[in-house]
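I opened the notebook to look up a few features of this structure. The entries follow in the order in which I checked them.

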There are 2 protein chains.
Amino acid sequence: MSQYLTDIEIAGNAEIKPIIDIAKVAGIPEDALEPYGRYKAKIDPLKITGNSTGKVVLVTAISPTPAGEGKSTVTVGLSDALKRLNQKVMVALREPSLGPVMGIKGGATGGGYAQVLPMDEINLHFNGDFHAITTANNALSAFIDNHIHQGNELNIDPRRIIWKRVLDLNDRALRKVVVGLGGPVQGMPREDGFDITVASEIMAIFCLATSLKDLKERLSNILIGYTFDKEPVFVRHLGVEGALTLLLKDAIKPNLVQTIEGTPAIVHGGPFANIAHGCNSIMATQTARKLADIVVTEAGFGADLGAEKFMNIKARKGNFSPDAVVVVATIRALKMHGGVLKTELSNENVNALQDGIVNLEKHIETIRTFGVEPVVALNRFVTDTDAEIEFILNWAKEQGIRIARTNVWEEGGLGGIELAEQVLEVLEQSQKFTPLYDLTESIEQKVTTIVQKVYGGIGVQFTDKAKKQIAQIEQYGWDLLPVCMAKTQYSLSDQPNLIGRPEGFTITVREVIPKLGAGFLVCLTGDIMTMPGLPKNPAALRMDVDENGNAVGLF
Amino acid sequence: MSQYLTDIEIAGNAEIKPIIDIAKVAGIPEDALEPYGRYKAKIDPLKITGNSTGKVVLVTAISPTPAGEGKSTVTVGLSDALKRLNQKVMVALREPSLGPVMGIKGGATGGGYAQVLPMDEINLHFNGDFHAITTANNALSAFIDNHIHQGNELNIDPRRIIWKRVLDLNDRALRKVVVGLGGPVQGMPREDGFDITVASEIMAIFCLATSLKDLKERLSNILIGYTFDKEPVFVRHLGVEGALTLLLKDAIKPNLVQTIEGTPAIVHGGPFANIAHGCNSIMATQTARKLADIVVTEAGFGADLGAEKFMNIKARKGNFSPDAVVVVATIRALKMHGGVLKTELSNENVNALQDGIVNLEKHIETIRTFGVEPVVALNRFVTDTDAEIEFILNWAKEQGIRIARTNVWEEGGLGGIELAEQVLEVLEQSQKFTPLYDLTESIEQKVTTIVQKVYGGIGVQFTDKAKKQIAQIEQYGWDLLPVCMAKTQYSLSDQPNLIGRPEGFTITVREVIPKLGAGFLVCLTGDIMTMPGLPKNPAALRMDVDENGNAVGLF
């Protein structure tokens, strides 16, 4: 691809408009806008009037592969295409996490001519939201350890603290640590660990809260651990929910930016649909729905992760439903699901495509199971051959699946017109969205439903530890919550190497962790880790600042 | 004081001006201003032309006591007074650290009618500077541990890593930790610890860098530890100085805010003169000196800490000198130095004042030792009696010391006019500033000079560990740097309980840590800790957000 500019070069060449102008286009009143620099702003949601009536287009994808699918890119390009078709549209994305930006990804703001700007600032500290969440999370840890150190009035058992510290970095050395060493002046030694910030329950609360009041109430309900008598201890017992809310009071306001084509974009809240619920914030989505007729939003990774959680958790809590769902796929990635090595993706291989298309097929079935009609976005890549394209279009026709080719990386919104037209047709229809399970079902039943209907597996195994945790959760009456699966993104199963559409597998749930502030139960499956590690040659090695203060090496 | 409003109430009632208007008053061109919300901005120092010719007024204080001296308050009030006297003035303060804000202080932006605004935002995440420093610091830790995990090409000895992690919180449980537990997948177990962010070498570099280029060069020179062959390992060996610079590229721009009276204020960089050098950034001071004829700035804690480091480190590196020095004292605090309990400070006690005034006397001597003429600001408190005031004014007259009474907490700039007039007189004179030691002197000699000339002690003891470290530093040729003393702020000695003006004491240096990026050698004395703890009832317990989203409980 050496003939192409890099994403950051394209972003650097783009004509970015003052954020005040973007706000005017979006209909945001001046007193609701708080600029952060010239090209970013926060929106005070209390000052946006009207009802959240805009239609919601959810963009999801096949199971990700190292080939890359371009979900964020299509999300941005689709928005720009809808704008070109004279729709009043906003795009609502998740914020990038610094961990993968410094690690592998180098950036997470779309690509080519379908990016949100300013890409460097969004990929770095971006208005400080994640830093505020990190700080609130770790302040709570400090309050817990300080409480124990100062006499432990609440009788907290240091062995039974479930609240962990976080950093917005990939740092495997912090997964398991011992804190409080050094004698009585340093506090009580205990085992602890750091998750990545996006896995923090405060991130989930941040994304699910519907108001500042709701935020504070959820924070007060965080379960931090148990006493020596095994009684649960909540944040409200420590009395620090006010301080935590204060630390989040500005971060909770949605961030306004723009696409390269000047479409207003809200970027706010949590990535990582593998270990978190992986959707942008409800306040962002609902604010965008007040301002625009159509809101295009994405959920992380494949439809088995982000979309499942969008449907069963976010849409349910936010009391809205998706009006259309786009499933992004590429021929390259489908060939990988068919067993082709990454080094051989440039060779035509219709047989491998045929073998791999089952992954797409399964995700489409899943979306239909939720009662929503999907549209496949076939995201063009320069190595796609006519035979491969013909195969996939025929396949879609035979299956009665809407499909549209997109070329937004190269052409921006123009490359998304066909997709936008299909999406508009779906939006004309009424969908019969329904979550897949009732909250009153047992935990086992909810997980089993997801495994069978979304993953295509045959059942679930719970470890003894998980069974014990479930019994405890039921005993305390916390079982009437949705489940948030933590599972590898690379496979429909919990084994990263089982690509394509594995069958006959079972999922192993090794832990069930109550997140009572967020209002869901996290089920850890397989070997999924809540703190990633860095690769041998992290993206950070290529990063720099040029003599004019501009970012170098973000992709 | 129940008849008075709290600081946050006064701040909330104040008429805050749009930051664009403040920038105009300060003469900051529009293209140099990057607004962060309506009332804060960053200034691009590359876009401020002219030379740094403004005069520098340094505000320091007696050794702090629980009575409070009001150094930041006087700094702000003096600026407002100079403005009332038609001077073109800016105030350049340090940024508050969240650790003490959530712990004891509850806020650090001046008080009463001498505050900088918006006090809540400055006290909380304030444009993300400290978060960027925390992130860069911890990213470096992750890169180090990842390097070892991925094969350890540089042969780094995990037992000899001197780079520590940081958080901008008071969290004693993190002082000593073991990381990398859990088996080979989690990395290499090793001892580590967390400092508070202000103690990070990156904070010092941030405050001492003169440009983005200088910042990057300093980052590349950070010593992170030693190989198994005891060879030093620097950041440049890891090749991540570009990424670290990128993480700091926006934070490094000075922040513009305003005083209650509308005086332009730059608030940028590091507090904690006890464990760091405790001055605001050189880029902030030098930018302010381009914009204003007089820049009022403060250094942390007593003159033995912040002012000593301002003179010997900051002024030397920044190539400027203080044109006047204000030493803040209160009758209450001096009575505490004379042995009065905090509960009895409201009773008149001239004898105690006489006993305690020796602390002020020593700090004045110190300032004169640097060749600068001090002005004492006697910061009024409602319990001061006529006899006490008369005593101190007579004392000053006898000693030939300039003194001015201030009442800025209650009256704002009006209460600082007398002080401002005295300062203007001193600014008319030329000072003969000189640092106290030459960089070519031995480490022992530099420390001894500080102990004898600034602390008033008789000498220094180095532990065996410190001696070994000094030998190593000399062997590597790193000894031609200034020293940065880490010492309790409560006493001129290294024993917090030795108040007043202790004599005949020696200082124990227990460790000497080379900070080769910052360009100084940290000497840890006494029991000083680089990660504070929280008190039994932290200020956080009183913090909240009201129904309109406003901060509650910051003081």
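**Entry 1: a sheet in chain B**

I looked up Y226(B) and found P232(B) of β13(B) opposite Y226(B). The model is predicted, so I kept to its limits: local features need pLDDT of at least 70, side-chain atom pairs count only at pLDDT 80 or more, and totals for chains, interfaces and linings use all residues. Residues are numbered from 1 along each chain as its sequence is written, chains are lettered from A and ligands numbered from 1 in the order in which they are written, and side-chain values use heavy atoms, with hydrogens and water left out.

Strand β12 (residues 223-227) of chain B is joined to β13(B) by three bridges, and the two run antiparallel. Strands here are DSSP runs of E, at least two residues, and helices are runs of H or I, at least four, numbered from the N terminus. Two strands pair if DSSP finds at least two bridges between them.

I then traced the whole sheet, which is open, has three strands in the order β7-β12-β13 (chain B), and pairs them antiparallel.

**Entry 2: chain B against chain A**

I noted 73 residues of chain B in contact (heavy atoms within 4.5 Å) with 73 residues of chain A. The two chains bury about 5900 Å² between them, 64% of it on carbon and sulfur atoms. Buried area is the accessible area (1.4 Å probe) that two parts lose on being put together, summed over both. R38(B), R172(B) and L246(B) supply 10% of the area that chain B buries against chain A, more than any other three residues.

I counted six salt bridges across this interface by the rule, which asks for a side-chain nitrogen of Lys or Arg within 4 Å of a carboxyl oxygen of Asp or Glu. One salt bridge links K249(B) to D120(A), with the closest N and O atoms 3.4 Å apart. Helix α6 (residues 129-149) of chain B gives the largest share of the side of chain B that touches chain A, 10 residues.

Most residues other than glycine have a negative phi, and most peptide bonds are trans. I found a cis peptide bond between L117(B) and P118(B), with omega about -5 degrees. P118(B) sits in the loop between β6 (114-117) and α5 (119-123) of chain B. K230(A), not a glycine, has a positive phi of about 60 degrees.
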